[in-house]
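Please read the following note beside the sequence and the model.

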Amino acid sequence: MILVTGGTGYIGSHTVVELQKAGYPVVIIDNLSNSNRDVLDGIERITGIRPEFVEADCTDMDAVSGLFDKYPGIKGIINFAASKAVGESMQKPVLYYRNNLNTLMNLLDQMAVRGVKGIVFSSSCTVYGEPDVNPVTEQSPIKKATSPYGNTKQISEEIITDVINAGAPFKSVILRYFNPVGAHPSAEIGELPNGVPQNLIPFLTQTAIGIRKELSVFGNDYNTRDGYCIRDFIDVVDLAKAHVIAVERMLTDKSEAKIEIFNLGTGNGLSVMELINAFESATGVKVPYKIAERRAGDIEQVWADPTYANEVLGWVADTPIEDTMRSAWKWQQRLRERGIM
Ligand code: NAD
Ligand code: WQD
């Protein structure tokens, strides 16, 4: 059985679907701080299987320990549970350090005494900051974090490394995601942004459907091919599939290494304007936008060299961006049909 923390969240829910499709029984722990229980229905509509669900906070050691008592068959963990809003982390750093780090440390403590074979950790390309060279490999330098959120990812990677180097009886795979976008093609699950979206795709789809008047494109004077920021937008289902391979790798001891780090991206950088164009051509829907000031703290350009993940995991993110844009749009329309937004 696989424990998925934060499994009703955006990436977690897509990963639960892929785990179930691969035959793994799943138990989710989530405190529903940034997701909701209906996600379980969406997962069940896709796979026909309702995952086990425990509503609890991973920072609560008694709750985590109780969960292992109830599900003694847990062999692997995927730790998605975290607070993830960069801007909010600048306002509430203690909340971010406490939530993200205590969650991880509780899990590591329990793993050691419960016979769990490995933990997959959700890290981020944010650890590379503004890279000197693109694309970035796993060996590219880690830059000083520019937000408490980003710092929690760096510190978490260090905590895991220290615990494994101290001889912990389990393995870890650290996955550095680039920019996950899109939704399950069934539109049964997707990203549920809280309030006004800060991220590009939810803001774009909400604008396309008329919730927002126009999309502000933050800056057109960057030193890039068209002046707009460049990112590596990766389809969330492609991303989810990499987790299944990572889990399999730990449980079957495919690798000698006790700790491994992989970039999860497509290898293609797309500019913000290229993404807007891809959305419009894939859906036939126009997105009203205006060029606005640069957003403070934005990285100019970052995209992945995913060669290591491609070769070692035998995984590749190959969903065409147009398909991803259609899934994002279908999900936005589904939210409207359901009267959610
Ligand atoms: P999300 O907010 O949709 O999912 C996180 C889930 O964790 C939510 O359901 C939330 O309710 C739950 N949660 C938070 N704190 C918890 C706690 N203490 N106990 C139990 N549940 C808790 O976020 P997501 O986009 O699915 O991100 C998943 C992971 O991937 C996070 O660790 C995030 O930092 C990381 N990540 C995300 C992105 C991205 O752009 N979405 C990029 C890189 C890394
Ligand atoms: C993408 C591009 C914006 C909104 C964030 C986190 C990072 C990682 C992924 C977790 C940028 C532009 C955006 C808008 C715009 N998360 N934009 N108008 O900043 O790459 O990364 O999510 O680990 O840590 O910082 O993602 O979607 O916010 O922005 O023009 O309304 O879209 O300027 O160039 P970002 P994003």
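1. A cavity is a set of points, on a 1 Å grid over the protein atoms alone, where a 1.4 Å probe fits but cannot get out, and lining residues have an atom within 4 Å of a point. Grid points are joined across faces, edges and corners, and a volume is the space filled by probe spheres set on the points. This is a predicted model, in which local features need pLDDT of at least 70 and side-chain atom pairs count only at pLDDT 80 or more, while totals for chains, interfaces and linings use all residues. Residues are numbered from 1 along each chain as its sequence is written, chains are lettered from A and ligands numbered from 1 in the order in which they are written, and side-chain values use heavy atoms, with hydrogens and water left out.

2. The largest cavity has a volume of about 100 Å³. Its lining consists of 13 residues, and E191, I201, P202, T205 and W331 lie nearest the centre. Two elements, α7 (200-208) and α11, each give two or more residues to this lining; helices (H or I, at least four residues) and strands (E, at least two) are DSSP runs, numbered from the N terminus. By class, the lining divides into 8 nonpolar, 4 polar and 1 charged. Here Ala, Val, Leu, Ile, Met, Phe, Trp, Tyr, Cys and Pro count as nonpolar, Asp, Glu, Lys and Arg as charged, and the others, Gly among them, as polar.

3. The volume of the second largest cavity is about 50 Å³. Among the residues that line it are K171, R249, K254, K258 and E260. The largest share of this lining, 3 residues, comes from β6. In total the lining has 3 nonpolar, 2 polar and 5 charged residues.

4. The second largest pocket holds about 160 Å³ of space; a pocket is an open set of points with protein on both sides within 12 Å along at least five of seven lines. Its lining includes D232, F233, I234 and D235. Strand β10 provides the largest share of that lining, 3 residues.

5. Which residues come nearest to ligand 1? They are D30, N34, S35, N99 and Y149, out of 28 residues around the ligand; a residue is near a molecule if one of its heavy atoms lies within 4 Å of it. An oxygen atom of ligand 1 is 2.6 Å from an N or O atom in the side chain of D30, and a nitrogen atom of ligand 1 is 2.9 Å from such an atom in the side chain of D57. Taken alone, ligand 1 exposes 820 Å², of which the protein buries 94%; accessible areas come from the Shrake-Rupley method with a 1.4 Å probe.

6. Around ligand 2 there are 17 residues, and S124, Y149, S216, R231 and D298 come nearest. An N or O atom in the side chain of Y149 is 2.6 Å from an oxygen atom of ligand 2, and a polar side-chain atom of N199 lies 3.1 Å from an oxygen atom of the ligand. Taken alone, ligand 2 exposes 690 Å², and the protein buries 87% of that. Strand β8 (residues 215-218) gives the most to this shell, with 4 residues. At least three residues of the shell come from each of domain 1 (2-180 + 234-264) and domain 2 (200-230 + 267-337), with bounds taken from an automatic or database domain assignment.

How values were computed. A polar contact is a pair of N or O atoms within 3.5 Å; within protein, one must be able to donate a hydrogen and the other to accept it, and residues adjacent in sequence count only if both atoms are side-chain atoms.
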